[in-house]
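Thanks for coming. I will talk through one structure, a few strands and a few charged pairs at a time. Please keep the picture in view.

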Amino acid sequence: MLEVYRSSSIEWKPSPVVALATSVDASQVAAARDDGSLEIWLVSPGSVGWHCQLTIYGSSSSKISSLVWCRSGSPGLPSGRLFSSSLDGSVSEWDLFDLKQKIALDSIGVSIWQIAAAPCVNSLLNREGKSPHLENGHVNDKHDDDSDTETSDSEDDMVEFDKQPITENTHVALACDDGCVRIYNISGSEKLTYIKSLTRVSGRVLSVAWSPDGNLIYSGSNDGFIRCWDAKLAYEIYRITVGLGGSGSGPDLCIWSLLALRCGTLVSADSTGSVQFWDSQHGTLLQAHSCHKGDAFALAAVPSHNRVFSAGSDGQVVLYKYSNDRTGSDNDNSSAKLMKRWIYVGYVRAHTHDVKALTVAVPISREDLVLPDEKVKKVRCREKPIDFSYHKWAHLGVPMLISAGYDTKLFAYSAQEFTKFSPHDICPAPQRVPSHLVLNTAFDQKPLLLVQASNWLDIFCIRVKTGAVPGMGSGPFGGLATMDLLARVKSKAARKIICSTFSTSGLLFAYSDHVKPNLFELKRCEDGKNAWTVNKRHLPSNLPFAHSMVFSFDSSRLIIAGHDRRIYVVDVESAELVHTFIPCHREHDEGLPPSEPPMTKMVVSSDGQWLAAINCFGDIYVFNLEIQRQHWFISRLDGASVTAAGFTPRNSNVIIISTSSNQVYAFDVEAKQLGEWSMRHTFVLPRRYQEFPGEVIGLSFPPSSNSSSVIIYSSRAMCLIDFGLPVDQEANNDMINGHEPALKKLQNNSTNARTKRKLKSCELDSKHNGRKNFEFCAFRDPVLFVGHVSRNSVLIIDKPWMEVLKTFDTAPVHRHIFGT
């Protein structure tokens, strides 16, 4: 029985999400946090596949206010170009290949509250050759007709793309604190080019939006007015006084968000909590809803523009639906008048704090592998989703709503069954603190743990104590772990730490910020029993800052994956550069300048021979450290990103890879091929693993050369896989993602027969021994780290979410409890 030791004593304070944006190809969602960091999440049509692909650590002083994704016009950038506006008056472009923030517009001297991109008109053609409706890169050729059935709404929002020439966004509008709306050109250069400014108004311009045809610009300010401008001639066409019944307008009414729909409706969200629908042609009020009990901050619409969502400081996300009603004679339809209106449908409250941002994404990644002769069932299942999953309502081409806010979390909702299904928690452990556990250290063989915070490193000594572990149910048991703080090392000038690593001996550790990598040595003082000192060690002066770092297994060398896309090997003792690798995916490319993306993960084998470097897109580069050459290149597996990797202690030539599509691969790097286990089992994993709760964030091997098992874990559960036991076949006939039925037709029948006979005998043995492969254990609290302390015991670092909420600068939304 596996023993579990638990600790919740580390500091963890994630940063609020202040802005969201969906990429042009709808495959990614960008989330900007208050600390200046930017996360790119892969959009998935189900709980399998949501993955934080990369994180870029930007400047914490700029304070991002909004995000916008623009078409690039380049085939190499299908997701588009990502820009952000900041309260310091600057605009940045985020390079998702080189993983860096680039200033596209130096500070204009006033805060920029919002940035909006002009729509791309006639950039896509539908199958009939007609010009479709466009919004945020999504195409839909349906009309905004209302329907009361779930199926018709779903079909109305199904999105199909054709490969046609795409023109890029050329203009962006900035809502500025000095009352101006400034228009810039973004094409053909890394810097924004100023075009013109609209007439300055009193107060601050807080929100800006373009009309669907790009001819009009709408601006909202803190004086309670919405203004409509001619985008070409830069003059004001009309203005709207916001405020229900003519009251509430003035300097205290802020227009936080505007949304222009193709049906000719303009939607506004303001500081009174009102969401109002206006006739954009005449500026007259159509409907007004006061569903929020505080400021309404954000608006979003599905691609068909027949559903609108709003969110605000009360933690609610509210749905409004476009409806066509006929009024007049009931007997004579010809005399009946068509009444178009927006009706309130319902709300969902998943957040505990203010909801600051909304966006709509349309999954286009693969969830179901359907053969050409198979029919797709279009009727959506109405049953309640099983735990940890929302695949029953998530379908390809059907829009999903994503919300985020001050509680630091991201939630995904069904845009069609918004009030019927619970939202999915995309990120149960936001901004998880990276940790490194080393065993049998030079300090009396005690295990040490390195924890990386935003601008400091903590080193703990782990002591385990037998006893009951709360929250672990009837599964593993063990006790509580005590973590004694040995040392804290703060980064210079409070710079943000990008990556860190810990040597197996526990004597050396290193980190990198945005300036350079740093190496330190941990020592115990001779004059005090419990006194510890940290000494800084020298590194070559010309090393770039790193995205990933790792020590060789014998701690003699430090390997640094630089931001310049090179990998540097440094001898720790002499502080000299031993070798530089330039990753490439073709053998004849060796010696050429670096062209591959930066490496964000690295692992080494226990015999010191192999180094595996992984980029954020899922490509794997294997290097032979003995002969100092690249040995193998593994292209991204089924288009998925790598979530965790590690060489097995039992065989240093075998590397285990876990992907964002919840697949597990075992590669024999020496033979340059899939391992025998993967050839037999990778695509027939049990359904319970395919529905792994949460995004896989790490794996841990027992510290034994005889063990054949690994623990793969997310922040919500862990799974024990023993490569020496057969894969449990109890659910292979009903696989999620549909991999198994298609692959069965591609496999040899005779081989399957032999495999089944072998597996059947092994299953009998495993049942007799009382062991079960792919055994899960769910966590009560968000887990940040899982690591083996011994062969049969693991350390789990978690934190109750209620304790995390207490560390936030803002209080949770007050909810009245009936009867109190």
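I start with Glu521. Its relative accessible area is 17%, and the cut-off for buried is under 20%, so Glu521 counts as buried. Before I go on, please note that this is a predicted model.

What does Glu521 pair with? Glu521 forms a salt bridge with Arg537, and the closest N and O atoms are 3.3 Å apart. Glu521 belongs to strand E38, residues 517–524, while Arg537 belongs to strand E39, so this pair ties together parts that are 16 residues apart in sequence. Arg537 has 22% relative accessibility, so it counts as partly exposed.

Side chains of opposite charge can pair when their charged atoms come close. The count for this model comes to 28 salt bridges. One of them joins Arg81 and Glu93, with the closest N and O atoms 2.9 Å apart. Arg81 is in strand E7, residues 81–86, and Glu93 is in strand E8, residues 91–95, so the pair ties together parts 12 residues apart in sequence. Both Arg81 and Glu93 are buried.

Another salt bridge is formed by Glu236 with Arg227, where the closest N and O atoms are 3.9 Å apart. Arg227 is buried, with a relative accessible area of 4%.

Now to strand E3, residues 28–33. Six of its six residues are buried, so the strand is largely enclosed by the rest of the structure. In a regular strand the side chains alternate between the two faces of the sheet. In E3, Gln28, Ala30 and Ala32 point one way, Val29, Ala31 and Arg33 point the other way, and all are buried.

E3 has a partner in strand E2, residues 17–22: the two pair in the antiparallel sense over five bridges. Val17 stands opposite Arg33 there. The hairpin of E2 and E3 has five residues between the strands, and in it Ala26 takes a positive phi near 65 degrees.

E3 is also joined to strand E4, residues 37–42, by five bridges, and these two run antiparallel. Here Ala32 has Leu38 in E4 as its bridge partner. The hairpin of E3 and E4 has three residues between the strands, and Gly36 takes a positive phi near 90 degrees.

Last, strand E33, residues 448–452. How many of its residues are buried? Five of its five are, and the strand is mostly covered. Leu448, Leu450 and Gln452 point one way, and Leu449 and Val451 the other. Strand E32, residues 435–438, runs antiparallel to E33, with four bridges joining them. In that pairing, Val438 has Leu448 as its bridge partner.

That is the end of my part.

Conventions. Residues numbered from 1 in each chain as written. Predicted model: local features only at pLDDT ≥ 70, side-chain atom pairs only at ≥ 80, totals over all residues. Heavy atoms only, no water. Buried < 20%, exposed > 50% of the residue type's maximum accessible area, 1.4 Å probe, protein only. Pairing = 2+ DSSP bridges. Salt bridge = Lys/Arg side-chain N within 4 Å of Asp/Glu carboxyl O.
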